[in-house]
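Here is a report on one protein model. Keep the sequence and the 3D view open side by side as you read.

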Amino acid sequence: MNRVEVEKKVLNENQVLAEQLRQRYRDHQVCCVNLISAPGSGKTLLLERTLERMGPTERVAVLTGDLQTENDAKRLARFGFPVKQIITGGTCHLDAKMIGKHLQDWDLNNLDLLIVENVGNLVCPSSYDLGEDCKIVLLSTTEGEDKPLKYPSIFAKSELMLLTKIDLLPYVPFDAELARENARRVHPQIRIIDVSSTTGEGLDRWMDWLQQRRNSKFADAGLPARAEN
Ligand SMILES: Nc1nc2c(ncn2[C@@H]2O[C@H](COP(=O)(O)OP(=O)(O)OP(=O)(O)O)[C@@H](O)[C@H]2O)c(=O)[nH]1
Ligand SMILES: [Mg+2]
């Protein structure tokens, strides 16, 4: 079997498992979002700020993926919500099998929102469906405004782009408007929210978006939107 055939087989197997996860999320009314970015764009710090703003009765959990270390899970666990680290060894993305395995001992009836932090990589994670409701791509102001054009797949597949580290705009040669234009060239309907996890700018808009995205899943199922805690 040549390499292309092997890759196709792996992706097909992943797709089957991803559909099973999607069905589980549907059955249990869990909204799952998949955060993807280059290493260090600010996924974990944004999630720290996100969990910090959630009340104790929020039914949220996080799976966070990395090649090595439990660092991100440790950073996220201190907010009291269920968090698990997925260590991939050498693999540059999460796949549906890893997600299924790490969900085994969680009762999805206790969750409304599952946040997946993918392995830091703009390429591989875009090919792997995790059964999520949507992908969210983060682009930070230190990465260059051309990234949506260089790595179009993930920008094309993401519902939302978070332009992160906007507190650094005065100090870095980054044309934020051009970055937004480039993202829209690849995906005209992409939503874009500017955020800074250090100053807090844009975090209210992000939290609103997340709440609405979660509620839209309940609305699609004819269930009342969950009240904010
Ligand atoms: N100035 C500034 N720094 C930030 C911001 N968000 C994250 N950082 C810093 O960027 C670095 C990487 O942040 P992380 O949240 O660990 O990034 P990540 O995307 O989770 O990284 P990986 O999981 O390794 O891919 C850390 O030093 C953060 O403190 C921000 O909004 N502004
Ligand atoms: Mg991280």
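The side chain of Ser158 makes a polar contact with the backbone oxygen of Ile154, at 2.7 Å. A polar contact is a pair of N or O atoms within 3.5 Å; within protein, one must be able to donate a hydrogen and the other to accept it, and residues adjacent in sequence count only if both atoms are side-chain atoms. This model is predicted: local features need pLDDT of at least 70, side-chain atom pairs need pLDDT 80 or more, and totals for chains, interfaces and linings use all residues. Residues are numbered from 1 along each chain as written, chains are lettered from A and ligands numbered from 1 in the order written, and side-chain values use heavy atoms, without hydrogens or water.

Ser158 belongs to strand β6 (residues 158–164). Helices (H or I, at least four residues) and strands (E, at least two) are DSSP runs, numbered from the N terminus. Leaving aside neighbours within four places in sequence, Ser158 is in contact (heavy atoms within 4.5 Å) with Lys135, Ile136, Val137, His187 and Ile190.

Is Ser158 buried or exposed? Ser158 counts as buried because its relative accessibility is 1%. Buried means under 20% relative accessible area, exposed over 50%, partly exposed in between (1.4 Å probe, protein chains only). Glu58 also counts as buried.

| Residue | Relative accessibility |
|---|---|
| Ser158 | 1% |
| Glu58 | 10% |

Glu58 sits in the loop between α2 (43–52) and β2 (60–66). Its side chain joins that of Arg214 in a polar contact of 3.0 Å.

Now the sheet. Seven strands form an open sheet with parallel pairing, in the order β3-β2-β4-β1-β5-β6-β7. β3 (83–87) and β7 (191–194) stand at the edges with a single partner strand each, so one side of each has no neighbour in the sheet. Two strands pair if DSSP finds at least two bridges between them. β2 and β3 pair in the parallel sense over five bridges. Val62 has Val83 in β3 as its bridge partner. Helix α4 (residues 96–103) packs on the sheet and touches β2, β3 and β4.

Asp72 in helix α3 (residues 71–77) and Glu117 in strand β4 (residues 113–117) are 45 residues apart, linking distant parts of the chain. Both Asp72 and Glu117 are buried.

Note on methods:
Axes fitted to C-alpha atoms, helices over the stretch in contact; angles between N-to-C directions.
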